[in-house]
Amino acid sequence: MIIEGSISVKAALLNNKRKVYAIHMIKKEGKDFDFILKKAAEKHVRTDFVSREKLESMVTGKTHGGIYAEVSGRMNDRIRSGDVLYLDGIEDPFNVGYIMRTAYALGLKNIILSPRDYNMLEGQILKSSAGAFDMMNVKVSTDPVKDIRYLKAMGYHAYALYRGEGSTDLFDTEFADKAVFVLGGEKRGINAELLKVCDEYLHITYASNFRNALNACGAADVVITMLYNQRRKLIADNIAG
């Protein structure tokens with residue numbers, strides 16, 4: 001597959017989540033290009049210079065910045081220690097990428113995605129996430145209910161962002177030490193079987209009489225920010241250590 005832009009190419013080179021077969025660029029100078037050439041040489045990745053016409057025939061966007069790479073699909077990670085975000089039915093590559101960008105920036109490094117073949121979307125996710133897609137632990141689940149049950153068996157408390165009977169205010173919630181958050185899309189919501197295995201339902205209380213749901217990115221931003229606010233000392237200690 002093709003990924004484009006220096007941020008995406010650097011993320012692929014540095015994080016070992018996929019194979020980088022070759023890098024092609026318009027000949028130009030700059031720190032990003034020098035860094036990519038250096039890292040590519042260290043990893044024995046072929047690089048070459050191409051014409052603008054050749055490059056633009058291979059990429060799909062207009063923000064390629066003069067560089068693209070041929071890469072493999074991304075490896076499927078296992079979830080490691082730390083909080084987890086599960087995106088149920090949120091598959092738009094730009095939404096997924098924006099959520100990953102916020103999550104990684106604020107210290108959340110585990111993402112589970114709904115069952116789907118993401119190969120044709122990976123370039124867009126990598127680009128919209130500003131490279132975070134290849135910096136995080138990302139698992140495409142084949143059985144989300146089983147995966148949430150497994151996390152619960154490992155001591156995680158499962159929260160569903162669900163505005164329904166029995167839900168409590170997100171802003172009044174002290175999160176468990178190990179938490180997994182399940183978010184659904186604004187149209188379909190969370191799968192009913194998945195809701196059943198969650199321990200607690202949370203809703204976002206609005207400061208106005210707004211009657212509509214937040215979109216996936218907006219809701220995720222609120223959850224991730226609240227989580228960061230409660231975890232920030234631990235995250236700061238981990239960064240310092």
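How many positive and how many negative side chains does the protein have, and how far apart do the centres of the two sets lie? In this predicted model, there are 34 positive and 30 negative side chains, and 4 Å separates the centres of the two sets.

The overall build may be considered next. The protein contains 8 helices and 11 strands. Along the principal axes, its C-alpha atoms fill a box of roughly 60 × 40 × 35 Å. The radius of gyration is 20 Å, which agrees with the value near 18 Å that a compact globule of 241 residues would have. Of the contacts between residues at least 6 apart in sequence, 80% join residues at least 24 apart. Buried residues account for 44% of the 241 residues. The protein exposes about 12,900 Å², and carbon and sulfur atoms supply 51% of that area.

The interior can now be examined. In soluble globular proteins, nonpolar side chains tend to be buried together. Here the largest nonpolar core has 49 residues, and those that touch the most other members are Ile 23, Leu 85, Ile 99, Met 100, Ile 111 and Phe 181. Helix 8, spanning residues 216-240, gives the most to this core, with 8 residues. A second, separate core comprises 17 residues, including Ala 158, Ala 160, Val 180 and Val 182.

Residues up to four places away in sequence being left out, Ile 23 touches Val 9, Leu 13, Ile 36, Ala 40, Val 45, Arg 46, Thr 47, Asp 48, Ile 67, Tyr 68 and Ala 69. Two of these partners, Val 9 and Leu 13, are among the buried residues of helix 1, which covers residues 6-15. What covers the buried residues of helix 1 includes strand 1 (2-4), strand 2 (20-25), helix 2 (31-42), strand 4 (67-71) and helix 5 (122-128).

Val 20 is found in strand 2. With a relative accessible area of 15%, Val 20 is buried, because it falls under the 20% cut-off. Beyond residues up to four places away in sequence, Val 20 touches Ala 12, Leu 13, Val 45, Ala 69, Glu 70 and Val 71. Its C-alpha atom lies 10.0 Å from that of Ile 2, a residue 18 places away in sequence.

Most residues other than glycine have a negative phi. Asn 16, however, has a positive phi, near 55°. This residue follows helix 1 and lies in the loop between helix 1 and strand 2. Its relative accessibility is 55%, so Asn 16 counts as exposed. His 44 likewise has a positive phi, near 60°, and is placed in the loop between helix 2 and strand 3 (46-49). At 74% relative accessibility, His 44 also counts as exposed.

Is Leu 202 buried or exposed? Leu 202, located in strand 11 (residues 200-203), has a relative accessibility of 1% and therefore counts as buried. Apart from neighbours within four places in sequence, Leu 202 is in contact with Tyr 159, Ala 160, Leu 161, Tyr 162, Arg 163, Ser 167, Thr 168, Leu 170, Thr 173 and Phe 175. One of these, Ala 160, belongs to the second core. The C-alpha atoms of Leu 202 and Tyr 162 are separated by 5.6 Å, although the two residues are 40 apart along the chain.

Once its neighbours within four places in sequence are set aside, Asn 95 is in contact with Ile 90 and Cys 217. The C-alpha atoms of Asn 95 and Cys 217 are 6.0 Å apart, while 122 residues separate the two along the chain.

Definitions and conventions. Residues numbered from 1 in each chain as written. Predicted model: local features only at pLDDT ≥ 70, side-chain atom pairs only at ≥ 80, totals over all residues. Heavy atoms only, no water. Helix = DSSP H or I, 4+ residues; strand = E, 2+ residues; numbered from the N terminus. Rg over C-alpha atoms; globule rule 2.2 N^0.38 Å. Buried < 20%, exposed > 50% of the residue type's maximum accessible area, 1.4 Å probe, protein only. Contact = heavy atoms within 4.5 Å. Areas by Shrake-Rupley, 256 points an atom, 1.4 Å probe, with all protein chains shown as cover. Lys, Arg positive; Asp, Glu negative; His and termini not counted. Charge placed at Lys NZ, Arg CZ, Asp CG, Glu CD. Core = buried A, V, L, I, M, F, W, Y, C linked by side-chain atoms within 4.5 Å.
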